[in-house]
Every structure is written in C-alpha cells, then in structure tokens.
Amino acid sequence: PIYGNAFISEVASWPEAETYRRPGNDGFLHFENGDLTVAQFEAICKALPVELTFIDANDINRFFSITNGVFARPKTALNRKVYSCHPPRVQPIVKQMLSDFKSHKRNKVERWFKNTRIQYVAIYDQEDQYMGCLEIVQDFSEILKNINGLKTNNIITTQYKYLERDE
C-alpha cells in the first residue's frame, strides 16, 4: 500500500485462497484484486474517460478499448504490427520508443496534441520482462472548457445553488 498498513504490521497470507483464485475456464478474468466477467471488463473499459490500446512485446496491436475516439482505430489494425497504423514519418519514432521500453531505457513517454494527452507506458511482468506498451489517450477539451467556465462568478454561483439544500 502507498501509505502502509493501518493497525497491522504485516498482511496475513492465505495460501488456500491464492490457489482458489487461479485463472480457469469459468468465464471470469481473475485479477489480484478481484474477478470480472469479460463483459464487465469490456463495459468498464468503454466507460473510462480514456482510450486504451495495448501493443504486445512483439509490437502487435492486441487490444483497444474503443474504435471511435480521438484517433480512429479500425478493427483491422488488431493483430498487426503497430507501425502499419502510423504515417511513415512517425514510424521511426514509434520503433525507437518501443525499443527504449524493451531495453528499459525509458518506461514512460507523454505527448500532447492540441487538447489531447497521449501517454505511452511500458508494461513489465513480475520478473521485469517487457510485456508490451499501454497507450492511454485522454481528450481534455471538455475539462478545459469547464475549468475556464469556473473562472466566472456566474458558474460558481450556479454550482453552489445547485448544491444548496432547498428549505
């Protein structure tokens, strides 16, 4: 835990439970912190205010959360090299970034395009072996519009009135 354990010095181990939680063919995705059905996981991914793309260790597009986001992601891009989704002038940059992730030279890259933040995060397993790259795209247009709107007293007053209890 980030802030340590509250009221205990050590987290108890329960080996039988760990054995029980191993992945199986029961229709669930088993995570360290709980289980979800595939449908639940997909719905959660679609509800997140970010777009997720996973590129595996062989630079193959394996997953994206939505197809019609900031960047178009046709389903034909799945199971293909990530370079084929980028213009030729960008391909060397993508190759270098993934190479840096594989060699542990870098583990994160962030870019901004207009009001859009694009983060690339290297994913490593427990043995520190490179598993792939997670691309996280977030459009900040609406957030920035709301922040700019909060600067006026009208909107702040309106928000406080909304929060006040009717008497």
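## Cysteines

Cys45 counts as buried because its relative accessibility is 4%, where buried means under 20% relative accessible area, exposed over 50% and partly exposed in between, with a 1.4 Å probe and protein chains only. Cys85, at 40%, counts as partly exposed. The structure holds 0 disulfides, a disulfide being a pair of cysteine sulfur atoms within 2.5 Å.

## Basis of the values

This is a predicted model, in which local features need pLDDT of at least 70 and side-chain atom pairs count only at pLDDT 80 or more, while totals for chains, interfaces and linings use all residues. Residues are numbered from 1 along each chain as its sequence is written, and side-chain values use heavy atoms, with hydrogens and water left out.

## Sheet

An open sheet is formed by 5 strands in the order 4-3-7-6-5, with antiparallel pairing (strands are DSSP runs of E, at least two residues; two strands pair if DSSP finds at least two bridges between them). Strand 4 and strand 5 are the edge strands, and each pairs on one side only.

Strand 3 and strand 7 run antiparallel and are joined by 6 bridges. Asp56 stands opposite Gly132 in strand 7.

## Largest pocket

The volume of the largest pocket is about 760 Å³ (a pocket is an open set of points on a 1 Å grid where a 1.4 Å probe fits, with protein on both sides within 12 Å along at least five of seven lines; lining residues have an atom within 4 Å of a point; the volume is the space filled by probe spheres set on the points). Of its 28 lining residues, Phe71, His86, Val90, Tyr120 and Glu135 are the closest to the centre.

How values were computed:
Helix = DSSP H or I, 4+ residues; strand = E, 2+ residues; numbered from the N terminus.
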